[in-house]
Amino acid sequence: MLFRSPNHGIPDKPKKSMGYLTSEIIEYLTIDSGACDSIAHPAAFTKTPIKQTPESGKQYGACGGETVTNMGEKTVKCITRSGKNIESKFQVGSKITKNLMAVSQLCSMGYSVFFGPAPQYDAYIGTHPESFMCCPDQDKIPINLNNGVYVLPVREILQSNILAG
């Protein structure tokens, strides 16, 4: 099962959101500290093309023991509910059921990631390159805890800087 918004299977209609034309589909990125690369389902981020890379066609063992074939790479521009933009590369893998955002990749992009203690479980991605543990709210992207898994809901950006109308 691919983890997406409830409108999975319905044709994607563009939506104006915070000065951007975005996909209507909400993609959920599982924030994964054990992943070495971010990886997406082939049907995720439908408007971003898959590009072939030297890794295309290679096979890897997934955490469940199945073999996953690398189908290429997508460089995705997306926007969070808080209005922050993230541009990231995702390997595209066969048999992938959850889109994974690697914490190591976020950190290499200059972000920090914080998973807070119970009972609040405050978790966020720090967007300021010098942030450590505490940063102003405007420099945070909230992460949701859903069924014991941290996820970041995003929408794919289709067009930037459109005029509000």
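1. A residue is called buried when its relative accessible area is under 20%, exposed when the area is over 50%, and partly exposed in between. By that rule, 39% of the 165 residues of the chain count as buried. The model is a predicted one.

2. Secondary structure. The chain holds 1 helix and 12 strands. Their order along the sequence is β-β-β-β-β-β-β-α-β-β-β-β-β.

3. Pairing of β9. Strands β8 and β9 are antiparallel and share 4 bridges; in this pairing V113 lies opposite I125 of β9. Strand β9 is also antiparallel to strand β10 (residues 140-142), through 3 bridges. The bridge partner of G126 in β10 is K140.

4. Faces of β9. In a regular strand, side chains alternate between the two faces of the sheet. In β9, A123 and I125 point one way, while Y124 and G126 point the other way. Is this set of residues buried or exposed? All of them are buried.

5. Nonpolar side chains tend to be buried together in soluble globular proteins. The largest nonpolar core of this model has 20 residues, and the members that touch the most others are L29, I31, F45, F90, I125 and L152. At least two core residues come from each of β2, β5 (67-80), β6 (85-93), α1 (103-108), β9 (123-126) and β12. Strand β12 gives the largest share, 3 residues.

6. Aromatic pairs. How many aromatic pairs are there? The count is 2. In one of them, the ring centres of F45 and F90 are 5.4 Å apart and the planes are at 35 degrees, so the pair is tilted. It links distant parts of the chain, with F45 in the loop between β3 (39-40) and β4 (59-61) and F90 in strand β6, 45 residues apart. F45 and F90 are both buried.

7. The pair of F115 and Y150. This pair is tilted as well, at 4.7 Å centre to centre and with 50 degrees between the planes. F115 belongs to strand β8 (residues 112-115) and Y150 to strand β12, 35 residues apart, and the pair again links distant parts of the chain. F115 is partly exposed, because its relative accessibility is 34%. Y150 has a relative accessible area of 15% and is therefore buried.

8. Largest pocket. The volume of the largest pocket is about 640 Å³. It has 23 lining residues, and I39, G61, A62, I96 and L100 lie nearest its centre. Strands β4, β5 and β6 each contribute at least two residues to the lining. Sorted by class, the lining consists of 10 nonpolar, 7 polar and 6 charged residues.

9. Positive phi. F45 is not a glycine, yet its phi is positive, near 50 degrees. F45 sits in the loop between β3 and β4 and counts as buried because its relative accessibility is 0%. N147, also not a glycine, has a positive phi of about 55 degrees. N147 is placed in the loop between β11 and β12; its relative accessibility is 82%, so N147 counts as exposed.

10. L145. This residue is in strand β11, residues 144-146. L145 is partly exposed, because its relative accessibility is 35%. How far apart are L145 and T30 in sequence and in space? They are separated by 115 residues in sequence and by 9.8 Å in space, C-alpha to C-alpha.

Terms used. Residues numbered from 1 in each chain as written. Predicted model: local features only at pLDDT ≥ 70, side-chain atom pairs only at ≥ 80, totals over all residues. Heavy atoms only, no water. Core = buried A, V, L, I, M, F, W, Y, C linked by side-chain atoms within 4.5 Å. Buried < 20%, exposed > 50% of the residue type's maximum accessible area, 1.4 Å probe, protein only. Phe/Tyr/Trp six-rings, centres within 6.5 Å; stacked < 30°, edge-to-face > 60°. 1 Å grid on protein atoms, 1.4 Å probe; cavity = no way out; pocket = protein on both sides within 12 Å on 5 of 7 lines; lining within 4 Å. Points joined across faces, edges and corners; volume = space filled by probe spheres on them. Nonpolar A, V, L, I, M, F, W, Y, C, P; charged D, E, K, R; others polar. Pairing = 2+ DSSP bridges.
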